[in-house]
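Here is a short briefing on one model.

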Amino acid sequence: MLLFALFFALPLLGMALNNGLGRTPQMGWNSWNHFHCGINEQLIMETIDAVHSSGLHDAGYEYVNLDDCWQSARFPNKTIMPDPKAFPHGLMPLISHAHSLNIKFGVYSDAGSKTCAGRPGSLGFETVDATTYASWGVDYLKYDNCNADHSKPEERYPVMRDALNKTGHPIFFSMCEWGVDNPATWAPTVGNSWRTTGDIGDSWNSMIGKADQNDKWWKYAAPGGWNDPDMLEIGNGGMSTTEYMTHFSLWCLMKAPLLVGCDVRNMSKETVMILTNKEAIGVSQDPMGVQGHKVNSSNNLEVWAGPLSNHSVAAILLNRGTIKEKITMDFKSINITSSKAAIRDLWQHKDLGTFTDMFTADVDPHGVVFVTAKPQ
């Protein structure tokens, strides 16, 4: 049995990038985790339609983002060229179609000479690329860190920030620096989110490891700028439904970007159930914007928690072990000064009752109990 007993500390009140975007963590879809370089015009058009029709858009997912391999070369005037084989009509028809459905559209580039897949990067072309993106109506840029010169990311990423801002067109700036230079300590004035980890894989060990790496930076997250432990693997088949529910719960509590990484044209009922859990998403999108974090850990049993704007607390009782265990949380330890609190289970969508001083639950292996606790 685990009883956690550490008080919340206050997040750092740093200066966030003032472009008006990312007041809550971004929600959308990205092509990389499932398709890698296997993207084309038909796939992305079908994905836009699926995001709109599947319930994802209604649940808050607003971006469809291309990752690496959409670009192939530069025109003589140095502007970027979409791959003519994969995107024979360019990106404008896709962007227009997305916008017609009130879906925003994102692209990918790199703060180096080439992208991670060897396509043209934006180093030295920041202004021309930002101007091109804005002229197309692009709403989001994921900016990677491969094939760079010898300068630091702290020097290269602000150049693209400034180029994007000068266009006058709002473009969410998602920094993919992999956490190598501790971007949480300097990126809040540069990007709307910043990767704190390397790439995620579709396995329990990879997912839980990324959550651990991201956790230590929780004080740096705030409206306008978020820690990013990489995209969601839910629906790709490498984890169990229980593990995917844990994945989604942790990302929601951590205020991590919710970027779907599966084939949304062919989702199971379980995948849709997880990704459209509006109560969990409500924790993610809470306007207070305080990243929930690990409060205690003992023998594979953990409690993660964070405050919400309605004076309640969201908490995850996490069992990292291989057998069912009881986990207990003490209300005082999560800054609930009242002796009584009403507990609601966000996966069962059920009020569990009013409890005194503490709450205990049986938690499945690799599973969570995800609740809110409201003082009474």
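Which residue forms a salt bridge with Arg265, and how far apart are the closest N and O atoms? The partner is Glu46, with the closest N and O atoms 2.6 Å apart. A salt bridge here is a side-chain nitrogen of Lys or Arg within 4 Å of a carboxyl oxygen of Asp or Glu.

This is a predicted model: local features need pLDDT of at least 70, side-chain atom pairs count only at pLDDT 80 or more, and totals for chains, interfaces and linings use all residues. Residues are numbered from 1 along each chain as its sequence is written, and side-chain values use heavy atoms, with hydrogens and water left out.

**Confidence**
- The average pLDDT (the predictor's confidence in each residue, from 0 to 100) is 95 for the protein.
- A score of at least 70 is reached by 96% of the residues.
- Residues 1-7 stay under 50.
- For residues 1-7 the model has 30 contacts (heavy atoms within 4.5 Å) beyond four places in sequence.

**Salt bridges**
- The structure holds 18 salt bridges.
- Arg265 sits in the loop between strand 11 (258-260) and helix 9 (269-275), and Glu46 in helix 2 (residues 41-53), so their pair ties together parts 219 residues apart in sequence.
- Helices (H or I, at least four residues) and strands (E, at least two) are DSSP runs, numbered from the N terminus.
- Arg265 is partly exposed at 35% relative accessibility, and Glu46 is partly exposed at 30%.
- Buried means under 20% relative accessible area, exposed over 50%, partly exposed in between (1.4 Å probe, protein chains only).
- Lys104 and Glu62 meet in a salt bridge at 3.4 Å, N to O.
- Lys104 is in strand 6 (residues 104-110), and Glu62 is in the loop between helix 3 (56-59) and strand 3, 42 residues apart.
- Arg74 and Asp129 meet at 2.8 Å, N to O.
- Arg74 lies in strand 4 and Asp129 in helix 5 (residues 126-136), so this pair ties together parts 55 residues apart in sequence.
- Both Arg74 and Asp129 are buried.
- Asp212, Lys294, Glu302 and Arg320 are linked in a network of salt bridges.

**Helix 7**
- Ile208 lies in helix 7 (residues 204-215) and is buried at 6% relative accessible area.
- Beyond four places in sequence, Ile208 touches Leu250, Leu318 and Arg320.

- Most residues other than glycine have a negative phi.
- Cys69 has a positive phi of about 90° and is buried at 3% relative accessibility.
- Asn300 has a positive phi of about 75° and is partly exposed at 43%.
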